[in-house]
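Please keep the sequence and the model at hand while reading.

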Amino acid sequence: MSTIKFEFRYSEEIIFEFSSTFITEPVLFLKVAKTATPDSMSPQALYDATRKSWRISPKRAMKAKYVFAIHNNTVLEVYEPQQWYLALSNDLRLAFEGVLAPIDIRNKYIGKEIPELKDRQNPATTNFSID
């Protein structure tokens with residue numbers, strides 16, 4: 001089995017090497033609070049924790065087809081953003097309004113581990129580059 005690796009660059013630096021080949025769509029990975037677990041949060045609370053106040057460029061956010069709620073490098077839920085907007089006017093943080101992703105997409109990813117996120121400090125990461 002071969003692994004495809006993508007290099008992502010920001011200001012001409014490689015910042016992330018992504019090799020989880022099972023993810024085929026453009027995804028924004030958002031690490032939710034350490035207390036966010038399926039047992040400790042309602043579906044609405046998890047959605048609210050995932051959708052608000054992220055420091056990410058609008059161009060990058062709008063390119064993502066799906067948003068993954070991540071906890072301990074594992075996908076808790078998958079959302080399809082419908083609209084992005086400024087969450088805090090003085091801090092340039094974004095939030096989204098969205099819906100649950102289609103069931104086939106959710107079944108494909110929920111519960112899967114994303115090992116590349118383990119050592120990432122940035123709570124908002126993508127598996128694509130922007131040109």
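## Salt bridges

A salt bridge is counted here when a side-chain nitrogen of Lys or Arg lies within 4 Å of a carboxyl oxygen of Asp or Glu. The model is a predicted one, and it holds four salt bridges. The side chains of Arg 51 and Glu 97 form one of them, with 2.9 Å from N to O. Arg 51 belongs to helix α1 and Glu 97 to strand β6, so this pair ties together parts that are 46 residues apart in sequence. Arg 51 is buried, with a relative accessible area of 10%, whereas Glu 97 is partly exposed at 33%. Asp 48 joins Arg 51 and Glu 97 in a network of salt bridges.

Glu 25 and Lys 108 also meet through their side chains in a salt bridge, at 3.7 Å from N to O. Here the partners come from distant parts of the chain: Glu 25 sits in the loop between β2 (13–18) and β3, and Lys 108 in helix α3 (residues 103–109), 83 residues apart. Glu 25 has a relative accessible area of 14% and is therefore buried, since buried means under 20%. Lys 108, at 32%, is partly exposed.

A further salt bridge joins the side chains of Arg 106 and Glu 77, at 2.6 Å from N to O. This pair, too, links distant parts of the chain, with Arg 106 in helix α3 and Glu 77 in strand β5, 29 residues apart. Both Arg 106 and Glu 77 are buried.

## Nonpolar cores

The largest nonpolar core has 17 residues. Leu 28, Leu 30, Val 67, Tyr 79, Trp 84 and Phe 96 are the residues with the most contacts inside this core. Two or more residues each come from β3 (27–31), α1, β4 (66–71), β5 (74–88) and β6 (93–100). Of these elements, β5 gives the most, with three residues.

Trp 84 shows how residues from several parts of the sequence meet. Apart from neighbours within four places in sequence, Trp 84 is in contact with Leu 28, Ala 61, Met 62, Val 67, Leu 94, Ala 95 and Phe 96. There is also a second, separate core, which has 13 residues. Ile 23, Phe 29, Ile 105 and Ile 114 are among them.

## Two residues of helix α1

Thr 50 lies in helix α1, which covers residues 43–51. Thr 50 is buried, with a relative accessible area of 0%. Its side chain reaches the backbone oxygen of Leu 46 at 2.7 Å. Not counting residues up to four places away in sequence, Thr 50 touches Leu 30, Val 32, Val 67, Ala 69, Tyr 79 and Phe 96. Of the residues touched, Leu 30, Val 67, Tyr 79 and Phe 96 are also listed with the most contacts inside the largest nonpolar core.

Tyr 47 is placed in helix α1 as well. With 11% relative accessibility, Tyr 47 counts as buried. A polar atom of the Tyr 47 side chain lies 2.9 Å from the backbone nitrogen of Gly 98. Leaving aside neighbours within four places in sequence, Tyr 47 is in contact with Tyr 79, Phe 96, Glu 97 and Gly 98. Tyr 47 and Glu 77 are 30 residues apart in sequence, and their C-alpha atoms are 8.4 Å apart in space.

## Aromatic pairs

The count of aromatic pairs comes to six. In one of these, Phe 68 and Tyr 109 form a tilted pair, 5.0 Å centre to centre with 45 degrees between the planes. Phe 68 lies in strand β4 and Tyr 109 in helix α3, so the pair ties together parts that are 41 residues apart in sequence. Both Phe 68 and Tyr 109 are buried.

Another tilted pair is that of Trp 84 and Phe 96, with 5.2 Å centre to centre and 55 degrees between the planes. Trp 84 is in strand β5 and Phe 96 in strand β6, so parts that are twelve residues apart in sequence are tied together. Both Trp 84 and Phe 96 are buried. Together with Tyr 47 and Tyr 79, Trp 84 and Phe 96 form one aromatic cluster.

Methods:
Residues numbered from 1 in each chain as written. Predicted model: local features only at pLDDT ≥ 70, side-chain atom pairs only at ≥ 80, totals over all residues. Heavy atoms only, no water. Helix = DSSP H or I, 4+ residues; strand = E, 2+ residues; numbered from the N terminus. Buried < 20%, exposed > 50% of the residue type's maximum accessible area, 1.4 Å probe, protein only. Polar contact = N/O pair within 3.5 Å; in protein donor to acceptor, adjacent residues only side chain to side chain. Contact = heavy atoms within 4.5 Å. Core = buried A, V, L, I, M, F, W, Y, C linked by side-chain atoms within 4.5 Å. Phe/Tyr/Trp six-rings, centres within 6.5 Å; stacked < 30°, edge-to-face > 60°.
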